[in-house]
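Hi,

Here is the model I promised to pass on. My notes follow below it; have a look and tell me what you think.

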Amino acid sequence: MSAETAICGRYDCRETFAKTLEALAETDERIVAVVNDSVGSSKLVGFQKRFPDRLINVGIAEQTMVGVGAGLANGGKTPFVSAAACFLTARALEQIKADVAYTKTNVKLCGMSSGVAYGELGPTHHSIEDFAWLRLLPNLTIIAPSDRWETAEAIKAAAATEGPFFLRLSRMPVPDLKRPAGATFRVGAAETLRDGRDAAIIANGVMVSRALEAAEQLAASGLNVRVVNMASIAPLDVEAIGAAAATGAIVTVEEHSVRGGLGGAVAEVIATSCPCRVRILGFPGFLPTGSPEFLLERFGLTATGIAAAVREIVGARKAA
Amino acid sequence: MSTSHPLAELTRAKARQIRRRALGMVYRAKQGHPGGDMSVADILATLYFGALRVDPANPNDPKRDRFILSKGHCTGALYATLAERGFIPIESLDTYMQPLSLLNGHPNRNYTPGVETNTGPLGHGVPVAIGVAIAGQIDRADYRVFVVVGDGELQEGSNWEAALTAGHRGLANLTLIIDRNGLQQGARTEDTAKLEPLADKWRAFGWDVVEVDGHDHDALLAIFTAPAGGRSKPLCVIAHTHKGQGVSFMRDQVFWHHGALSQSQYELALQEIG
Ligand SMILES: Cc1ncc(C[n+]2csc(CCOP(=O)(O)OP(=O)(O)O)c2C)c(N)n1
Ligand SMILES: [Mg+2]
């Protein structure tokens, strides 16, 4: 993966997405890409050059794009339908519901530049509602990879598994996470990246590296915090949530609204089966103007912000 | 060649100012959509300084003409126009896309007076414009509704659903302007999902159609100021434009759909615009 461009040791995972897809397409003729005038922003220029007949650009027409994806699946193809996450999910939501999830077609929806990657372009271009509205749809697997390795693994898993997928891919550069040798990716299985008994942080996507940094800060002040990467929101690893609850305090962290996403999913499990204190970190609603980093800082989605939330919740538990 | 319109000298000067300011905003913000800003500048200048009955002192006057920029990514040109027309302070343009700025990358009516509806996702402006036009008909109000769409934007199906509705209802108080610069984000429209024959499509949907050089102020003014009274159909103006118009290295270049300018590019652009 060294060919990809690093910005201060961080990587834009769209490049991994494109490389992995090209490699898969090389050996699996069924793989096609479907886009909405988003060849460049999905990093599929190379794919288009290598497989010109297998890149279908429907123009700026997301509803048609998802419907065409469903039709391609019906025709025996494995379509990777790739567009800015905000337009893919919001504009084509009924196509995703009816043509993909309900019909159970083999469509791989790739929501690019999710979260607040389009910072200054504003709430129309932020995709911080997608977990919430897609999580309601049966049959749809939802994965938010945390780094290059997990991005590649998630794409391979999606290609190898029959059925609807939504891959939430960021453009915000992230570091490669340290994993034990032989680590494997399994759809629906959470990954405990760090053990700890004082509290648990459950994060996914671009927030995982920040959660790990927060845990390090906390360890320096004597708090041992478990860090769980919940890349799969659907299916959800209920057991891992139970294990996190055993610490007595959970902080969830996502680049998403505080309503209905990862935090919502965890809270549903906690409230109905293993009560413990929960703090949900994310965005409050439509956001002001600002760069991605500005918005993450302002809403406490930094290592320091996460660590502060953990200290607060642990303090509250001790006081109770 | 159209006959000269008394306001054309003013609107041409305004268009130059809009182009200069929009490029300054994109330069300082290090991002934006300069290609589309440049292609729509003459349309905005002629509308705001030659046709629209709007009052910056009373931006919510129920009798005002309505303008909607459906291709909401071109806020460089839109905010520069609103500032030039007195809706927002000229100095505020310096805050374009800065943290907590009221000038977001896409227009927000809750932040910016003069903006009628929040756009950004393509294909939203025409249905909203139709709603305003229907409200005007119900109230027998004499305001007019103008909406600008990008040509690539026309690939969104919502436009064609809306085209049916407007044609069906004979909304003569509605004018749709297509910024026909031939380019979308990644390529030419005709190489992506072709639009031609475009005029025939709108006629078939029940609209009057005029085609115009979208950089010819006399011709634009003549169209925008013609009374709507004689018509029984909505009007579609196909404005033939160039993306990046006014700046040689941007003109007709898909590369400049979005992007940032270097200092030397910015200076050269200002020189060329004059
Ligand atoms: C629903 C939706 N899909 C995709 C985009 C991303 N996008 C922004 S501008 C653009 C190209 C627009 O081309 P056109 O309408 O021709 O505008 P212009 O050439 O005037 O800039 C695209 C695809 C969007 N803003 N909204
Ligand atoms: Mg265009």
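By buried area I mean the accessible area (1.4 Å probe) that two parts lose on being put together, summed over both. Between chain A and chain B that comes to about 1,800 Å², with carbon and sulfur atoms giving 51%. On the chain A side, Ile60(A), Arg91(A) and Thr289(A) lose the most area to chain B, together 34% of what that side buries.

Some housekeeping: this is a predicted model, where local features need pLDDT of at least 70 and side-chain atom pairs count only at pLDDT 80 or more, while totals for chains, interfaces and linings use all residues. Residues are numbered from 1 along each chain as its sequence is written, chains are lettered from A and ligands numbered from 1 in the order in which they are written, and side-chain values use heavy atoms, with hydrogens and water left out.

Back to the interface. Chain A puts 23 residues into the contact and chain B 28 (heavy atoms within 4.5 Å). There is 1 salt bridge between the two chains (a side-chain nitrogen of Lys or Arg within 4 Å of a carboxyl oxygen of Asp or Glu): Arg91(A) pairs with Glu156(B), the closest N and O atoms being 3.3 Å apart.

Then the ligand. Ligand 1 lies between chains A and B, and 23 residues surround it (a heavy atom within 4 Å), the closest being Glu62(A), Lys71(B), His73(B), Asp151(B) and Lys243(B).

Cheers
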